[in-house]
Amino acid sequence: MKLIHSQTKEEIKEGSQILFHGEIATVIYCPPPHKPSSEGKMQAQLPNGETTTEYYCSVFDDCEWIEREDRE
């Protein structure tokens with residue numbers, strides 16, 4: 001399973017740049033979902049150095065998990 005940007009299809013992992021409420025942020029934490037009904041959570045660092053709290057992936061712009069072996 002992997003986390004991707006739903007528009008560009010690029011993989012998102014620690015260190016990737018993503019949008020969070022219109023600001024470019026750097027992913028610092030994005031473990032895979034822990035059960036089939038979960039969408040997973042992630043955390044990012046904003047340009048001003050602040051770290052977001054842990055949010056569901058859907059809160060970040062255009063993030064989605066694909067190739068989910070846990071949902072076959």
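The following legends describe close-up views of a predicted model.

**View 1. The four-stranded sheet of the predicted model.** Four strands make up an open sheet in the order E2-E3-E4-E5, and their pairing is antiparallel. The edge positions belong to E2 and E5; each has a single partner strand, so one side of each is left without a neighbour in the sheet.

**View 2. The pairing of strands E4 and E5.** These antiparallel strands are joined by two bridges. Met 42 has Tyr 55 in E5 as its bridge partner. Strand E4 covers residues 41-45, and strand E5 covers residues 55-56.

**View 3. The tilted pair of Phe 20 and Phe 60.** The structure holds three aromatic pairs. In one of them, the rings of Phe 20 and Phe 60 lie 4.9 Å apart, centre to centre, with 40° between the planes, and the pair is classed as tilted. Phe 20 belongs to strand E2 (residues 17-20), whereas Phe 60 is found in the loop between strand E5 and strand E6 (63-66), so the pair ties together parts that are 40 residues apart in sequence. Both residues are buried.

**View 4. The aromatic cluster of Phe 20, Tyr 55 and Phe 60.** These three residues form one cluster. Phe 60, by contrast, has a relative accessibility of 1% and so counts as buried.

**View 5. Lys 41 and the ring of Tyr 56.** The charged end of Lys 41 is placed over the Tyr 56 ring, at 5.0 Å from the ring centre. The residue ranges of the strands put Lys 41 in E4 (41-45) and Tyr 56 in E5 (55-56).

**View 6. The surroundings of Thr 52.** Thr 52 is located in the loop between strands E4 and E5. Its relative accessibility is 6%, and Thr 52 therefore counts as buried. When neighbours within four places in sequence are left aside, Thr 52 is in contact with Phe 20, Gln 43, Ala 44, Leu 46 and Phe 60. Two of these contacts, Phe 20 and Phe 60, are also members of the aromatic cluster. The C-alpha atoms of Thr 52 and Ile 28 are 9.6 Å apart in space, and the two residues are 24 residues apart in sequence.

Definitions and conventions: Residues numbered from 1 in each chain as written. Predicted model: local features only at pLDDT ≥ 70, side-chain atom pairs only at ≥ 80, totals over all residues. Heavy atoms only, no water. Phe/Tyr/Trp six-rings, centres within 6.5 Å; stacked < 30°, edge-to-face > 60°. Buried < 20%, exposed > 50% of the residue type's maximum accessible area, 1.4 Å probe, protein only. Lys NZ or Arg CZ within 6 Å of the ring centre and 35° of its normal. Contact = heavy atoms within 4.5 Å. Pairing = 2+ DSSP bridges.
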